[in-house]
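Notebook open, viewer loaded. I'm jotting down what I look up as I go.

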Amino acid sequence: AQNIIRVLSFALSNVHRESQFFTDILNRDPYSKSEQSMSQKAWTSKYIDFVRKVAQEGGYDLGESLVILWAMEIIFFRAWNFAKSVNAELKDNNGKDSSDVHIATCHELMTNWTMEEFSDFVNDCENLVNELDTSDPRRIASFEKVYRDILALEVEFWDMAYN
């Protein structure tokens, strides 16, 4: 229980830090001058509703919620590490990096989600998931369903981000 509290406390403090991180980015040019609405997108509401539902209906051990947390974090970690490796290859091929503001922002995002502290956090989340009781086949099925559902939402997110 203490380990769960430690990991969730870090996660909560990181949500606050990342909210400020995004606020800082969005207050810079050219993002601050964007005509795009800053209102919550339908996809974001869908994602939040799913996480909220799982948190309310999940098991006593927070198993489903821990599966979601780990899945979200490992996806971000792997995606941004992949982006960082692609960026390094591009930089190696042409010998320089773009000074475009969007590229610079991507570099900040890559740095944020590839640092060692984040890697440690992802590993801590994975360890919590690996410690869950899997003796009941119904619990395993519930964990797997939550995992598949969050993966589907993440695919939607990355497709939306790409497009």
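This is a predicted model: local features need pLDDT of at least 70, side-chain atom pairs count only at pLDDT 80 or more; totals for chains, interfaces and linings use all residues.

Which residues are exposed on the other side of α2? I looked, and they are A42, A55 and Q56.

**Entry 1: helix α2**

I stayed with α2 and listed its buried residues, which are W43, Y47, F50 and V54. Looking down the axis of α2, I see these buried residues fall within an arc of 60 degrees, so they line one face of the helix. I also checked the length of α2, which covers residues 42–57. At 1.5 Å a residue, its 16 residues should span 22 Å, and the end C-alpha atoms are 22 Å apart, so the two agree.

**Entry 2: the whole chain**

Next I zoomed out. I count six helices and zero strands in the protein. From the N terminus on, the order reads α-α-α-α-α-α. The C-alpha trace spans about 55 × 35 × 25 Å along its principal axes.

How many of the 163 residues count as buried? I got 29%.

Taking contacts with a separation of 6 or more, 84% are between residues 24 or more positions apart.

Charges came next: I have 16 positive and 27 negative ones in the protein. Their mean positions are 3 Å apart.

**Entry 3: N112**

I picked out N112, which sits in helix α4 (residues 101–112). Is N112 buried or exposed? Its relative accessible area is 5%, and the cut-off for buried is under 20%, so N112 is buried. Leaving out residues up to four places away in sequence, I find N112 touching R17, E18, F21 and F118.

**Entry 4: two loops**

I went through the loop between α1 (2–26) and α2, where P30 is found. The peptide bond joining D29 and P30 is cis, with omega about 0 degrees.

Then I moved on to the loop between α2 and α3 (63–94), which holds L62. What is phi of L62 near? I read 65 degrees, a positive value in a residue other than glycine.

Methods: Residues are numbered from 1 along each chain as its sequence is written. Side-chain values use heavy atoms; hydrogens and water are left out. Helices (H or I, at least four residues) and strands (E, at least two) are DSSP runs, numbered from the N terminus. Buried means under 20% relative accessible area, exposed over 50%, partly exposed in between (1.4 Å probe, protein chains only). Contact means heavy atoms within 4.5 Å. Lys and Arg count as positive and Asp and Glu as negative; His and the chain ends are not counted. The place of a charge is taken as NZ of Lys, CZ of Arg, CG of Asp or CD of Glu. The expected span of a helix is 1.5 Å times one less than its number of residues. The arc is that of the directions from the helix axis to the C-beta atoms.
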